[in-house]
Amino acid sequence: MAPAPSAVDLATHPLTVWNGPLGLPEFGRIDESTLSSAFDAALAAHEMEIAAIAENGEAPTIDNTLAALELSGEPLSRVSAVFWCRAGAHTNETIQKLEREISPRMARHYSRITMNEALFQRLDTLYAARETLGLDKETDRVLEKTWKRFVRGGARLDAEGKTRLAEINEELAALGARFGQNVLADESKWALFLDESDLAGLPASLRSAMAEAAESRGEPGRYAVTLSRSLAEPFLAASARRDLRETVLQAFIRRGENGGEANNAGIVRDTLRLRAEKARLLGYQNYAAYKLDDTMAKTPDAVMELLEPVWKKAREKAAEDEKELQRIAAAEGHNHAIAPWDWRYYAEKLRGERFAFDEGALEPYLALENVIAAAFDVAHRLFGLTFEEQKGIAAWHEDVRTFTVKNGDGTTRGVFLADYFNRPSKRSGAWMSALQSGFRLGRGQKPIVYNVMNFAKPPKGKPALLSVDDARTLFHEFGHALHGLLSDVTWPSISGTAVARDFVELPSQLFEHWFTVPEVLSRHARHVETGEPMPQELLEKMRAARNFGSGFATVEFTASALVDMAFHAREEAPEDPLRFEAETLEKLEKPAAIPMRHRTPHFLHVFSGDGYSAGYYSYMWSEVLDADAFRAFEEASDPFDREAAEKLRRHIYSAGGSADPEDLYKAFRGRLPSPEAMMEKKGLV
């Protein structure tokens, strides 16, 4: 039955026709009240395109089936890109209400596509004949990946199975939307307001950021700690008030489980139950087996072979450090055991004792503008890219900055947008996404990618000063952005970051290495007031201390990765996920003083969507790759070696998903790495 006509004209609507500067949407013309009807029209248009492809009377060809499928749904892609950008970076009640409605609708829509028998038959015919079609390697890979995506999406199930799988996908999408909104509600509503007498131990830069946070929340003249990492973690490291540290950390780790409608425990239970059922329906032993089937790791056992030895080494290192923290606390007259809200505080004292410097001393040299310039400079020296800021271009929020990106020959590469500061309307964390990906198929298009951060916003007229972790985060997300910007493929579905989940973090984590390259720091780490470069002594201390706290950091990350795998490597979901979390951590003998980096009720990577479910290990898997990859430059004795940079660009940053990730890595490095380089990088061996 043909979809009902919509009142929205897709040929003129600002959500689908992007007539803004640089080919951007005209954000100022987008009326939120038309979002729902724009989705209606775009979904209906895509349904008609899919029907035309599936019902084509001609024999299936690459052009009339695979290419037509790849290029279909452009209006829906555009509406979705703008909407999901707003949902994450600048939401409100209207956006959130529509998110709860549209998430299951989108799941239902894409389920209908992958379960369309006529469409799958055309793909299946092409796939069976692929060896006789004379396909180039990229097209052959896209055909294979598309066929497998349909099979994994239920194309081969019977009618009853298809109906049930579609229902599961719809329910999971709705649960994921609610999970993320509940976390955002906790984060945006909670703040600890303090007065001058409560600020013992806090550096001036943190006080300034807390003053801005309080003023933005209607408490001028006071100071606020929020649940943004850029405020909470520095406060935990610096505040001499143990009672306040406990208050902040307890609120931080209890996000998503504060009772009432915003409690995520039930959502997690239902999500795990549905994922287990989905895996069984598709013929997999458990959900981890289903998710890992399309990754480098391939199996849960391979993941555990990586995580378990790292966990053992990390616990040993953390135990050594905890004894030292206890010694420092005792020397100050405190006999209490080190609690989770004590670790960062005494760790900073231990850092000062071992390396004779306070990490806070680095912040005047890490102004946001300097770190941005450093990231752009590295991209230029490695890949020839230049970034030019364009003022006065409206985006989804006034804080968003826009840059044109040029190739070394002056031609346009794409557009980069950056949204750096925390606000109550933005979900926590940091991420990269795209308004549109870059590809050559059909008319082709250039990439428009964006980074979103949650740095503490300084008072007006003052520079934003970053911690070392913040600066690394900026480099990390910019590495993802480069993966999108440098994409050089024909097919949309393999563009940019459309790669295996445990490969996608390689370009981002690898790019972090250049942040601490001495010549990058000497050029860009300039004092915010004097312009003087970071003193050599301070630079050397920072590099010497780079592995300080590796036990703590690795325990908090690996605990989250192990719990994620424990949840999803079961045939049946646990009835009480929070009890299961506690029991799993007890079996692992997790140090009591180190919380998980992401406790289950706010584990957005895993439960606000399907992206990193049974996949949080990916960061460590990619870390094995990135530690070895940077050695290519170390072996050349030049962090900007031209030959290594060109191979890196061609085989990693530009290749997208055009080949198997193992083959891409081997093309760059000549072989696959072992975990030893990563363990050495972390200082665990």
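Predicted model: local features only at pLDDT ≥ 70, side-chain atom pairs only at ≥ 80, totals over all residues.
Five strands form an open sheet in the order S3-S4-S5-S7-S6, and their pairing is mixed. Strand S3 (386-390) and strand S6 (431-436) stand at the edges. Each has a single partner strand, so one side of each lacks a neighbour in the sheet. From one strand to the next, the twist averages 25°.

The pairing can be followed strand by strand. S3 runs antiparallel to strand S4 (residues 401-406), and five bridges join the two. Within this pair, Thr 386 has Lys 406 of S4 as its bridge partner. S4 also pairs with S5, again in the antiparallel sense, over six bridges. Here Lys 406 stands opposite Thr 412 in S5. S5 and S7 run parallel and are joined by six bridges. In that pair, Asp 419 stands opposite Val 452 in S7. S5 is mostly covered, with nine of its ten residues buried.

S4 and S5 form a hairpin with five residues between the strands. In this hairpin, Gly 410 takes a positive phi near 90°. Asp 409 lies in the loop between S4 and S5. Its relative accessibility is 62%, so Asp 409 counts as exposed. The side chain of Asp 409 makes a polar contact with the side chain of Thr 411, at 2.6 Å. Asp 409 and Leu 486 are 77 residues apart in sequence. Their C-alpha atoms are 14 Å apart in space.

Helix H3 (residues 74-89) lies across strand S5 (412-421), S6 and strand S7 (448-455). H3 runs at about 150° to S6. Helix H16 (residues 468-485) lies across S3, S4, S5, S6 and S7. H16 runs at about 170° to S7.

Helix H4 (residues 93-114) was examined for its length and its course. At 1.5 Å a residue, its 22 residues should span 32 Å. The end C-alpha atoms of H4 are 32 Å apart, which agrees. At the start of H4, a side-chain oxygen of Asn 92 reaches to within 3.0 Å of the backbone nitrogen of Thr 94.

Helix H13 has 32 residues. From its first C-alpha to its last, H13 reaches 45 Å, close to the 46 Å expected at 1.5 Å a residue. Gly 333 follows H13 and has a positive phi, near 90°. Lys 298 sits in the loop between helix H12 (287-292) and helix H13 (300-331). Its phi is near 75°, a positive value in a residue other than glycine. At 41% relative accessibility, Lys 298 counts as partly exposed.

Ala 614 also has a positive phi, near 55°, and is a residue other than glycine. The loop that holds Ala 614 runs between helix H22 (604-607) and helix H23 (618-635). Ala 614 has a relative accessibility of 1%, so it counts as buried.

Arg 152 lies in helix H6 (residues 137-152). Its relative accessibility is 17%; because buried means under 20%, Arg 152 falls in that class. The side chain of Arg 152 reaches the backbone oxygen of Tyr 290 at 2.8 Å. Beyond its neighbours within four places in sequence, Arg 152 is in contact with Leu 282, Tyr 284, Tyr 290, Lys 291, Asp 293 and Asp 294.

The other residue is Asn 286, in the loop between helix H11 (265-281) and H12. At 7% relative accessibility, Asn 286 counts as buried. A polar atom of its side chain lies 3.3 Å from the backbone oxygen of Ala 569. Ala 569 is also among the residues in contact with Asn 286 once neighbours within four places in sequence are left aside.

Terms used:
Residues numbered from 1 in each chain as written. Heavy atoms only, no water. Helix = DSSP H or I, 4+ residues; strand = E, 2+ residues; numbered from the N terminus. Buried < 20%, exposed > 50% of the residue type's maximum accessible area, 1.4 Å probe, protein only. Expected span 1.5 Å × (residues − 1). Polar contact = N/O pair within 3.5 Å; in protein donor to acceptor, adjacent residues only side chain to side chain. Pairing = 2+ DSSP bridges. Axes fitted to C-alpha atoms, helices over the stretch in contact; angles between N-to-C directions. Contact = heavy atoms within 4.5 Å.
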